[in-house]
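This briefing is for a reader who is meeting the structure for the first time. Please look over the sequence and the model before reading on.

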Amino acid sequence: MHHVLEAKLVVGDMVLSTASEFIENESEDVSKQDCELKAFYRLAKKIKQAFKRLPICILGDSLYACECDKYGWKYMMRFKEGKIKSVAKEFQEIKAMENLSEDICWVNDIAYNQRTLNILEYHFVKNQEKKTFTFITNIKVTNRNARKLIYAGRSRWKIENQGFNRQKNIRYHIEHASSRHYVAMKNHYLLTQIADILMQLFENGSKALKHFKKTAKEISSILLEAIRTRKLTDEDIQQLANPIQIRFSCGKKKKFQLKKYPVF
């Protein structure tokens, strides 16, 4: 088993691979084992070098928050029980003191390690069961953006569902031992990410495919034939200049746009 730390770009219902960093050790007797956090340091550096001026919002675990501050990125991290106990304690004390008991509550400017953090909590009922999501962020929470931030933070689960779950269990079977050769295995994984990007863009960009409900095998054949025979036109190239809008649906009537920060 070889682990990979993946940066996925969330664009509406699409989850596109942007960068991959393998967690690996060169030999069995290394003094310090490679780990997820070390891989994130390397991955963050690559992303910053590739997108020097791009404002980014990172979705992930609170483990990564310090590195986001280093690069000036925004973040919306899942804040789990037991993490950063001093921050959690202050949040609970302020919440109790100010009687913050609504479905959405937050506390801004909690001091931690020479910086401030903001905590946002969301309560809801699903299948008659009460659930709570808590996020830690460096974006100031207000009445106007609280619900938008929650929907942005929860879009991280698209990475698990539309992203890894589909690649593991539904379409690409990336956990299958495709090769005994380590470099070949890594190449197979990276090629799978490229194939998945092409398939998602094709499936979501073609109205005809949605109408006729083609199977994955049929879509692959259509895409292969298009790559083999179709030539790019001036109109195709002009379409590349059109901006992509990221939309998060809220209820049945409202739609919010989070244009400023691409989310990973």
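The model is predicted. Most residues other than glycine have a negative phi. Asp 109 has a positive phi, and His 173 has a positive phi too.

**Backbone angles: Asp 109**
- Phi of Asp 109 is near 60°, and this residue is not glycine.
- Asp 109 lies in strand 5, which covers residues 104-112.
- Its relative accessibility is 47%, so Asp 109 counts as partly exposed.

**Backbone angles: His 173**
- For His 173, also a residue other than glycine, phi is near 50°.
- The loop that holds His 173 runs between helix 5 (156-170) and helix 6 (182-205).

- Cys 105 counts as buried because its relative accessibility is 4%, and buried means under 20%.
- Leaving aside residues up to four places away in sequence, Cys 105 touches Phe 91, Lys 95, Leu 100, Ile 119, Leu 120, Glu 121 and His 123.
- Tyr 122 is 17 residues from Cys 105 along the chain, and the C-alpha atoms of these two residues are separated by 6.7 Å.

Note on methods: Residues are numbered from 1 along each chain as its sequence is written. This is a predicted model: local features need pLDDT of at least 70, side-chain atom pairs count only at pLDDT 80 or more; totals for chains, interfaces and linings use all residues. Side-chain values use heavy atoms; hydrogens and water are left out. Helices (H or I, at least four residues) and strands (E, at least two) are DSSP runs, numbered from the N terminus. Buried means under 20% relative accessible area, exposed over 50%, partly exposed in between (1.4 Å probe, protein chains only). Contact means heavy atoms within 4.5 Å.
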